[in-house]
Amino acid sequence: MNTLACVKRVPDTGAKIVLTDDQRGIDTSTLGFTMSPHEECALEEAVRIAEDRDGTATALTLGPEAADEQLRTALAMGADEATLLETGDGEWGPVDTATAIADYVADAETDFDLLLVGNESADAANYQVGTHLASRLDRPFVAGIKSLDVEDGTAIAKREVAGGEEVYEVDLPAVIAVKEGLNEPRYPSMRSKMRARKQEVASATPEPAGADCLEMVRLESPDDDEGAAEILGESADAADDVLEVLRDDVEVL
């Protein structure tokens, strides 16, 4: 079984984000980058399925030349092949991104049985790439998945909901958007990292389809929360004050 995991290069999730003076980008001069956590789980699942079912796992990313780093991490984690759809430094919208990935899949020599994407990226969090990708490829799609089993041309995907879970059975080939926690991504060994540095990373340069209709106006950093914690009381004596905060300040009652 052949799998494709779509990953994204994003700023370190714990880093302090500093905006450029024009508020239209992020100052990356002192910023580290990593693989988006949801996509890291998608990659791990793609590798596991390929290993269990005598197939191949391919990692794909769309982004700047520097995203080669995340693809080499993917190779070190067990991906058989990696491809960079190089776009330069500009941010592509979800529709153009999905279109470029769909074109790659349609033209690839490998017939992918399962396409795995992150439920949403850690930076833009658009939740849209998987949906548009499945639509363009005319394949079934399920999002928000925390459990996945593949057997006999069928994927059994489970999504957590309030009070239980939803279970979906879809025919392959399909597109599945997974969430962090689906699995525990492996940590590549130093030997794997060194070997990945020597492996070939294929590349292509897609052109944006111009299908995205949203325009980014500016970015804004949230205000720093410097408020000190207030102790309302101890034991049952605090109950009335807690209720007042929930009713008047938080407005959940």
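Visitor: Which strand and helices each supply at least two residues of the lining of the second largest pocket?

Guide: Strand E3 (33-35), helix H2 (68-76) and helix H5 (190-198). Helices (H or I, at least four residues) and strands (E, at least two) are DSSP runs, numbered from the N terminus. This is a predicted model, where local features need pLDDT of at least 70 and side-chain atom pairs pLDDT 80 or more, while totals for chains, interfaces and linings use all residues. Residues are numbered from 1 along each chain as its sequence is written, and side-chain values use heavy atoms, without hydrogens or water.

Visitor: Which element gives the largest share of that lining?

Guide: H2, with five residues. The lining has 16 residues in total, and Glu69, Thr73, Met77, Pro188 and Lys193 are those nearest the pocket centre. A pocket here is an open set of points on a 1 Å grid over the protein atoms alone, where a 1.4 Å probe fits, with protein on both sides within 12 Å along at least five of seven lines; lining residues have an atom within 4 Å of a point.

Visitor: How do the lining residues divide?

Guide: Seven are nonpolar, three polar and six charged. Asp, Glu, Lys and Arg count as charged, Ala, Val, Leu, Ile, Met, Phe, Trp, Tyr, Cys and Pro as nonpolar, and the others as polar.

Visitor: Phe33 next. What lies over the face of its ring?

Guide: Arg9 does, at 3.6 Å from the ring centre. The rule wants NZ of Lys or CZ of Arg within 6 Å of the ring centre and within 35 degrees of the ring normal.

Visitor: On to the sheet. What is the strand order?

Guide: The order is E9-E8-E7-E10-E6-E1-E4-E5-E11, an open sheet of nine strands with mixed pairing. Two strands pair if DSSP finds at least two bridges between them.

Visitor: And which are the edge strands?

Guide: Strand E9 (164-171) and strand E11 (202-204), each pairing on one side only.

Visitor: How many bridges join E1 to E4?

Guide: Five; strand E1 (residues 3-7) and strand E4 (residues 57-63) run parallel. Within this pair, Cys6 stands opposite Leu60 in E4.

Visitor: Now the loops. Which peptide bond is cis?

Guide: The bond from Leu172 to Pro173, with omega near 5°. Pro173 is in the loop between E9 and strand E10 (174-178).

Visitor: What about Asp54: is its phi positive or negative?

Guide: Positive, at about 50°, although Asp54 is not a glycine. Asp54 sits in the loop between helix H1 (37-52) and E4.
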